[in-house]
Amino acid sequence: MDKVCAVFGGSRGIGRAVAQLMARKGYRLAVIARNLEGAKAAAGDLGGDHLAFSCDVAKEHDVQNTFEELEKHLGRVNFLVNAAGINRDGLLVRTKTEDMVSQLHTNLLGSMLTCKAAMRTMIQQQGGSIVNVGHRREMLLHKRSIVGLKGNSGQSVYSASKGGLVGFSRALAKEVARKKIRVNVVAPGFVHTDMTKDLKEEHLKKNIPLGRFGETIEVAHAVVFLLESPYITGHVLVVDGGLQLIL
Ligand code: NDP
């Protein structure tokens with residue numbers, strides 16, 4: 001059976017690095033993002049017969065159409081990576097409702113919709129593997145660490161979306177384990193991508209035990225490790241340069 005993987009958010013950043021690594025490992029890939037040109041450029045860089053699709057994960061109709069189309073052209077999806085995400089950081093009192101909704105819809109509802117769409121095929125074929133990209137801090141919240149309890153000023157809505165993603169992924173992992181479908185989360189710290197380009201890196205990296213931001217390929221290795229680990233499910237793998245050791 002072909003190894004077919006849908007990578008949502010595959011046009012840039014972490015998702016793009018995942019797609020590049022998986023292409024080298026022989027997977028057939030669907031590179032998916034809202035901007036079709038970006039997705040096409042990323043798929044084109046992979047070489048081979050990978051395909052690009054335009055889809056807004058926050059829209060159920062878009063997600064369903066994308067799965068129908070990609071299965072028509074690539075075959076049944078047995079691997080799914082949810083790396084589409086946005087942040088609109090700011091204090092809650094200054095955050096517009098539409099920015100709250102777009103973060104929750106993209107980061108949380110979007111992963112629910114893609115998992116639901118993938119599930120039909122994965123249940124039929126009695127197997128599949130999903131990795132959702134969360135966030136380091138919400139992993140700590142999940143473990144009730146002091147950092148989680150302290151929260152993160154300016155990221156209340158983003159944190160809610162990513163905290164929800166961990167709960168969703170673990171519950172789904174339990175729900176579908178008997179069908180031989182695995183669901184895991186990779187929770188990165190600070191990684192060099194468009195999302196972090198405006199952060200004060202010189203200041204922030206002083207707090208990271210490994211002394212630097214991560215690179216997308218370093219997160220991609222963790223994603224692919226979980227995708228391919230047949231006896232791991234419901235796990236949250238933190239990739240943060242050791243931040244959780246000190247915060
Ligand atoms: P980037 O901004 O570099 O890339 C985001 C990707 O998601 C793009 O491909 C973008 O394409 C796509 N995307 C955004 N919104 C949608 C949507 N509604 N539907 C479909 N695709 C969408 O982000 P990163 O690579 O940095 O982040 C990837 C994931 O990792 C996110 O979930 C983020 O929250 C998480 N993360 C990132 C960290 C970091 O330090 N970079 C740290 C912790 C977690 P397009 O705009 O064309 O749709």
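Which residue in strand 4 stands opposite A6? A6 stands opposite L80 in strand 4.

The structure is a predicted model, in which local features need pLDDT of at least 70 and side-chain atom pairs count only at pLDDT 80 or more, while totals for chains, interfaces and linings use all residues. Residue numbers start from 1 along each chain as its sequence is written. Helices (H or I, at least four residues) and strands (E, at least two) are DSSP runs, numbered from the N terminus.

Strand 1 covers residues 4–8, and five of its five residues are buried. A residue is buried if 20 or more other C-beta atoms lie within 10 Å of its own, exposed if 12 or fewer, and partly exposed in between, with C-beta atoms placed from the backbone. On one side of strand 1 the buried residues are V4, A6 and F8, and on the other C5 and V7.

| Partner of strand 1 | Sense | Bridges |
|---|---|---|
| Strand 2 (residues 28–33) | parallel | five bridges |
| Strand 4 (residues 79–82) | parallel | four bridges |

In strand 2, R28 stands opposite V4. Strand 1, helix 1 (residues 13–24) and strand 2 form a right-handed β-α-β unit. Right-handed means that, with the strands pointing away from the viewer, the path from the first strand over the helix to the second runs clockwise.

Around the ligand there are 31 residues, of which G9, G13, R34, N35 and G85 come nearest. Helix 1 and helix 4 (97–124) each supply at least two residues of this shell.

Conventions: Pairing = 2+ DSSP bridges. Near = placed C-beta within 6 Å.
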